[in-house]
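Colleague: I'd like to learn how to read cores and sheets in a model like this one. Could you walk me through it?

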Amino acid sequence: MSGPDVSLDDAVILVLASFGNDAGTLARHVEQAGRRARICSAPEDFCQAFDDSVAALVATEESLLDAEAALRACLDTQPAWSDLPVLILTGRQVRHDAPARWKFFRQFGNVTVLARPMTGETLNVALEAACRARAWQYVVREQMRRLEAQNTGLEMEVREGIRALQAESEHRKRIESALNEARRLEAIGRLTGGVAHDFNNLLQVIDSACTLLRFAGSDGERGSALLDTIQRATDRGARLTQQMLAFGRRQVLSTDAVDIAQRINEMKELLQQSLREKITLELRLQPDLWPARTDATQLEVALLNLTVNAKDVLPNGGKVTLAASNVRLPDAHFPEVPDLSGDFIWVRLADNGPGMSAEVAAQAFEPFFTTKRIGEGSGLGLSQVYGFARQSGGGAWIRSDGNGTTVSVLLPRGAEVGRRADEEAQPAEHDLAKPLQGARLLYVEDDEEVGKLIVGLLEAAGSTVHWARDAESALQTELQAFDLVFSDVQMPGAMDGIGLAQELAKRMPALPVVLASGYVVAPERIASLPVQFIRKPFDGRTLLRILHDHLA
């Protein structure tokens, strides 16, 4: 095997000998062997001369005894590739036991021990072996340098690749953000157009009916019919706003525990009537179904919306299945709601119709999106279902194929089932002429037209009303003088109706408070307050009954 292709022409052999002429003699032998020699008169000279150009160290045993610590400290600084050959010349005058002597030699690393007296040929052979070993170390050094350079290049390539991936990821995020923004704007545009269309129709009905009332004169029957028309238009407008608020999750929901199985069983006849005669309705309810923490009224509205949608896709008859069961999330079977965890009730309504395309299913929950003809649906049914589910703390999704469509709703598990509002004892019918006789009310409302009508209604019912235009004005009144506070939620100023209720709870915790609004920015703020909430627009009889109940 040939030696390494590395030149040692510039290599130096260091000589360390502290006795007599040993240093000079050893240096001449090194030179005669064709190598450069450098005498080190002290350990400090060795440390100063020791670098990559040193091929080996020739030292006498007695010199190592004097330079042990300093020499070992220099050798310990060698790089990973280096293991300097050390030739140690022993003498008979040095007396050590063999184990201790070998331990002394080993601390200098790559050592070769030569006993004196010896021939020059022996020293030359040892020097040649040391130089060949050092030459192989130089080969390792060069390979390590090349590997380091390659690693540096690879690291640079990796960094460049990472930067390229990051740039591509950022570019993709910008594209996705722009796409989401475009979809959002499209949904807002569809929502705005749908709201404008439906409300313009409602306003046209009300305006035309009011105009005809002026011509009705003393025709009481005709006037009553026109008033009924206005009332129906108002009810349609109220339902429309409630659907939009449900989609936007801006309505106040009850969080009572609801017996889902009981509600569905009670609604079965109503749901069946919502379907065509040729469509059969099947219920599949888990026997030990948990109660749900949700709003019972909005649940019924959601089930009716789903049933009507199923009817429309089964014009020639078919089958609709309404099922409910308990689930615990996370669960791999529900990839549509990865953000939910805990106990839920899974309510789903399935039809055996033609199903939806992937494009239609992806947009089905958007407001005013509909595949129905004009006049057959507003496109708010499924958006109400989605908004109701999300605001309740659950989720909603659609799965569809050629065998039909299934709309699923997850509702969080409730602690226990309480008494239903329609099961509680209903108050007796009161004389609506004077149901609030003698009551002292603080009414807070910023809208002038609404305020005039409600004040007139409350005064006609027999109460004394103080009307404040904002929360700050209301708090400046003599609160002890009132039996009840009735306030709107959305008002100008630093404090809204909810803030007013919170302040009243601190100042006058026994004073009843009733809040009313058609839109609440943060419905969860009301949940912790001991107040009654009424959705606008409300029926006058309902308002009087609620106020009377709080004063009773």
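Modeller: Leu322 touches Ile264, Leu271, Leu281, Glu282, Leu283, Arg284, Leu285, Leu303, Val347, Arg348 and Leu349, leaving aside residues up to four places away in sequence; contact means heavy atoms within 4.5 Å. This is a predicted model, where local features need pLDDT of at least 70, side-chain atom pairs count only at pLDDT 80 or more, and totals for chains, interfaces and linings use all residues. Residues are numbered from 1 along each chain as its sequence is written, and side-chain values use heavy atoms, with hydrogens and water left out.

Colleague: Which residues touch the most other members of the largest nonpolar core?

Modeller: In soluble globular proteins, nonpolar side chains tend to be buried together. Here the largest core has 36 residues, and Ile260, Leu303, Val320 and Leu322 touch the most other members. A core is a set of buried (under 20% relative accessible area, 1.4 Å probe, protein chains only) Ala, Val, Leu, Ile, Met, Phe, Trp, Tyr and Cys residues joined through side-chain atoms within 4.5 Å. Helix H8 gives the largest share, six residues; helices (H or I, at least four residues) and strands (E, at least two) are DSSP runs, numbered from the N terminus.

Colleague: And in what order do the strands of the open sheet run?

Modeller: Strands of a sheet pair through backbone hydrogen bonds, either parallel or antiparallel. This open sheet is parallel, ordered S2-S1-S3-S4-S5, with pairing requiring at least two DSSP bridges. S2 (36–39) and S5 (110–115) are its edge strands, each pairing on one side only.

Technical notes: Buried means under 20% relative accessible area, exposed over 50%, partly exposed in between (1.4 Å probe, protein chains only).
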